[in-house]
Amino acid sequence: MFDLSEEGRSRRSGASFDQASRSSPCRVQETIMTVPLDVRSAGNGRFSDDERAAVYRVIFERRDVRRNFLRKPIADEVLARVLTAAHHAGSVGFMQPWDFVVIRQRATKQAVKRLFQKTNAQAAMHYDGTRAALYRSLKLEGIEEAPVNIGVTCSRQRGGPHVLGRSTVRDTDLYSTCCAIQNLWLAARAEGIGVGWVSILDHGALKKVLGIPRPVKVLAYLCLGYVSDFATQPDLEMAGWRARIPVEELIHYESWGMKIQGKRRNGDAHHEGLHENGRRGTNKVGRRTAGVEGQSSSRGLRHPR
Ligand SMILES: Cc1cc2nc3c(=O)[nH]c(=O)nc-3n(C[C@H](O)[C@H](O)[C@H](O)COP(=O)(O)O)c2cc1C
C-alpha cells in the first residue's frame with residue numbers, strides 16, 4: 001500500500017505540509033487521507049508496458065461530461081484520492097495556490113444553475129442563424145445532475161509577495177491551478193467518474209454563492225459523478241461544432257512555421273512520412289468530420305487501443 005496521507009508524504013519527503021493543518025470547510029479533509037491505492041513503483045522508477053498504456057488510455061479517454069450522470073454517490077475516500085491527485089500537480093515556486101470547495105447541497109447547485117442560465121442566454125446572443133440554433137441545442141453543464149460539484153480557486157497571494165519563478169509571468173499561479181484541475185480530471189476518469197468544466201458563469205456572482213473571499217480567484221466550476229458511459233469523442237465534435245486539429249499542424253520545428261524537420265537525427269527517422277500517412281477521422285456514425293469551421297478532422301495521434 002502507498003500511504004498518501006499528509007503524514008505519510010511528509011515522512012517520505014521530509015517536507016512539512018503546513019497546508020494540511022489549515023482548517024477547511026471541505027468535508028473530504030475531515031476523512032482520513034490514507035488512500036489505499038497501490039501506486040508504488042517497482043523500484044527502478046520505470047513504468048511497465050501496462051502502466052504506460054494506462055496513462056495514455058486515461059488521457060485519450062478523458063472527456064468533458066455533461067450528461068449520463070448516475071445517482072451513485074462518490075465516497076469520501078474516492079474523492080480524497082482525486083483531490084490528492086489534484087494537489088500533486090506542479091506549481092510555480094511550489095506555491096500550491098489551489099483550494100477546492102466541495103458542493104453536495106441541492107440549494108447551492110440550484111443557485112449556480114441559475115447563474116449558468118443567465119450567462120448562457122447572453123452567450124447565445126453571440127451567434128446567428130443555424131450556429132445560434134446549434135449553440136442552443138448543446139448541453140453545456142450538468143450542475144444539478146452531478147452528485148458533486150467542485151469550485152476550484154487560486155489564492156494569488158499564497159507564498160508571499162515574491163514567489164520563486166513568478167516574477168516575470170504573474171499568471172503562473174493560474175497555470176498551476178489549471179495543472180491541478182487536469183490532474184483531477186484524469187484521476188477522476190481512472191475512477192470511472194466524469195467531470196464537466198462549466199465556465200459559462202459570472203465568477204463574481206459565483207464567489208458570492210460559494211462564500212469565496214475577495215482576494216481569492218475562482219478558476220473553475222466542475223461537475224463530478226459516476227456516469228453510465230464515456231463518449232469516445234468530445235461532445236462538441238460529435239455535435240459538429242468543431243473538429244480536432246491534426247496535431248502535426250500544430251508542431252513547428254526550430255522556428256514558427258517550419259513544418260518539416262530540416263535535419264533529422266538518425267533516431268528521428270520514424271518521423272518520415274508524418275504528413276503523408278494520416279487517415280481522415282470519422283465520427284460515431286461513420287461520417288467524415290472534416291470541414292467543420294474550416295478544419296480537417298483528427299489524424300495522426302490515435303487512441304492507443
Ligand atoms: C477551461 C475550460 C472551460 C470549459 N468550459 C466549458 C463549459 O462552460 N461548458 C462545457 O460544456 N464545456 C466546457 N469545457 C469543456 C470543453 O468544451 C471540452 O474540453 C472540449 O470540447 C473537448 O472535449 P473533451 O474534454 O471531451 O475532450 C471547458 C473546458 C476547459 C478546458
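Hi everyone. pLDDT is the predictor's confidence in each residue, on a scale from 0 to 100. I start there because what we have is a predicted model: local features need pLDDT of at least 70, side-chain atom pairs count only at pLDDT 80 or more, and totals for chains, interfaces and linings use all residues. Residues are numbered from 1 along each chain as its sequence is written.

The mean pLDDT of the protein chain is 81, with 71% of residues at 70 or more. Where pLDDT is low, predicted coordinates should not be read in detail.

Now the layout. The protein chain has eight helices and four strands; these are DSSP runs numbered from the N terminus, with helices being H or I of at least four residues and strands E of at least two. From the N terminus, the order is α-α-α-β-α-α-β-α-β-α-β-α.

So what sits inside? The largest nonpolar core holds 40 residues, and among those touching the most other members are Val82, Leu184 and Leu222. By nonpolar core I mean buried Ala, Val, Leu, Ile, Met, Phe, Trp, Tyr and Cys residues joined through C-beta atoms within 7 Å. Helix H3 (76-87) is one of the elements supplying at least two residues, and H3 gives the most, with seven.

Let's zoom in on Leu184, in helix H6. Is Leu184 buried or exposed? Leu184 counts as buried because it has 26 C-beta neighbours inside 10 Å; the cut-offs are 20 or more other C-beta atoms within 10 Å for buried, 12 or fewer for exposed, and partly exposed in between, with C-beta atoms placed from the backbone. Leaving out residues up to four places away in sequence, Leu184 touches Val82, Leu83, Ala85, Ala86 and Val195.

That brings us to the helix pair. H3 and H6 pack at about 145 degrees with axes 7 Å apart; axes are lines fitted to C-alpha atoms over the stretch in contact, and angles run from 0 to 180 degrees between N-to-C directions. Residues of H3 including Arg81, Val82 and Leu83 meet residues of H6 including Ala180, Ile181 and Asn183.

Last, Leu222 touches Asn149, Ile150, Val152, Val195, Gly196 and Trp197, again not counting residues up to four places away. Thanks, everyone!

Conventions: Two residues are in contact if their C-beta atoms, placed from the backbone, lie within 7 Å.
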